[in-house]
Amino acid sequence: MQRILVTGGAGFIGSAFVRHLVQHTDAVVTVLDKLTYAASLESLDGLPSERVSLVVGDVADQPLVDRLVGEHDAVVHLAAESHNDNSLTEPGPFIQTNIVGTFCVLEAARRHGTRLHHVSTDEVYGDLELDDPQRFTEATPYNPSSPYSAAKAGADHLVRAWVRSFGVRATISSCSNNYGPWQHVEKFVPRQVTNVLEGGRPKVYGTGANVRDWIHVADHAAAVWTILERGRLGETYLIGADGERTNLEVVAMILERLGRPADDYDLVAERAGHDLRYAIDSTKLRDELGWTPAYPDFAEGLAATIDWYVDHRDWWAPHKHATEAAYALRGQA
Ligand code: NAD
Ligand code: TDX
């Protein structure tokens, strides 16, 4: 039996990881989460209280993090400000949580000798040309574009330095774009689905030619557990499910599923510094650790996710108005 501390465990991916731990392991889990606007306690509803407990607090609160890390066998660190558009409006919280928060986790892991897995993103590598035959690998140089991805890159560099300089027992994973249930309506897929469900239209930045490499959140969660269990210390693993689609292709799939015409969307203002394309080569994770996605068919996973949003209006509707108001202020509504 392992005691695992999950920072950001009330968020979209963190809660999927906690559900994975409850369903597939005998770990006892503590969630440390500040419960920002992005958190959802409903995503943890129904989990057994003898297996999962919640501490409401800040990952940048060093004494709190030090105590909690000392009480656990492993830390999986997901707590972050996660939305690029917010980082362009107000970068401060991204520096504080993503960099200072990771520093606090690292110092605690160093002091207590606790195993750490740090959850990062493919965005640290910057972007690729649309026609580039290459995909990101673990050897791709860091080249982040936005305050969000630069803060995540900064955190990754701290983890690598703490591994090398202090022998902290850590692994890093960088995953591509996640989709699935419980994702906040600010993100691309939920925003477009709920726009349609509210009688509006999808809002696509720029030309919509940008490519993202989609993976179901349950596959990301399973991959993180695989790396925590069997990953080599000090290594980075890229997580992806070969799900490259242009934004317009995804919008077309959403419109079709919801019975709307294919051209029923709006092109809106471009995102500043908008990365063109992300694409993950996850050969290392697959060959070395034997991970494969359980949701290899993006169309199928997306359809199930759309249906989930149709069925969970009570969950997302209270957040929709404020989210769209923020987009309107940026000229992206
Ligand atoms: P999210 O925004 O849905 O959840 C983040 C969680 O962290 C929330 O519950 C929030 O309350 C919590 N949090 C924020 N600041 C905190 C703080 N200071 N102290 C404690 N808790 C805090 O994000 P997500 O999409 O679930 O992403 C989780 C992690 O995965 C992040 O580190 C992100 O960079 C990474 N990631 C996300 C994606 C993706 O597609 N969403 C892809 C690759 C990597
Ligand atoms: O309304 C929109 N219209 C639009 O065209 C929104 C919200 C997004 N977009 C575009 C921007 C991107 O090309 O869709 C794509 C996906 O956008 P986001 O959902 O904001 O994701 P992205 O910026 O790619 O970052 C995501 O994947 C990597 C997560 O939010 C990050 O946390 C993760 O690290």
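In this predicted model, strand β8 makes the largest contribution to the shell around ligand 2, supplying three residues. The shell as a whole counts 16 residues, and the closest to the ligand are Ser 82, Thr 121, Lys 187, Phe 188 and Tyr 205. Two elements each give two or more residues to this shell, namely α6 (188–197) and β8 (203–205).

Ligand 1 can be described in the same terms. Its shell is made up of 30 residues, with Gly 8, Gly 11, Ala 38, Ala 39 and Ala 80 the closest. Here the elements that provide two or more residues are α1 (12–24), α4 (92–112) and β5 (115–121). Of these, α1 has the largest share, at three residues. The class make-up of the shell around ligand 1 is 13 nonpolar, twelve polar and five charged residues.

Attention now turns to a pair of helices. Two packed helices are described by the angle between their axes and the distance between the axes. Helix α8, spanning residues 247–257, packs with helix α10, residues 298–311, at an angle of about 55°, and their axes are 10 Å apart. With that angle, α8 is therefore oblique to α10. The two helices cross in a right-handed manner. On the α8 side, the contact is formed by Met 253, Ile 254 and Arg 257, while α10 brings Ala 299, Leu 302, Ala 303 and Ile 306. Six of the residues in this contact are nonpolar and one is charged, with no polar residue taking part.

Key:
Residues numbered from 1 in each chain as written. Chains lettered and ligands numbered in written order. Predicted model: local features only at pLDDT ≥ 70, side-chain atom pairs only at ≥ 80, totals over all residues. Near = placed C-beta within 6 Å. Helix = DSSP H or I, 4+ residues; strand = E, 2+ residues; numbered from the N terminus. Nonpolar A, V, L, I, M, F, W, Y, C, P; charged D, E, K, R; others polar. Axes fitted to C-alpha atoms, helices over the stretch in contact; angles between N-to-C directions. Parallel < 35°, antiparallel > 145°, perpendicular 65-115°, else oblique. Left-handed = near helix turned anticlockwise from the far one by under 90°. Contact = placed C-beta atoms within 7 Å.
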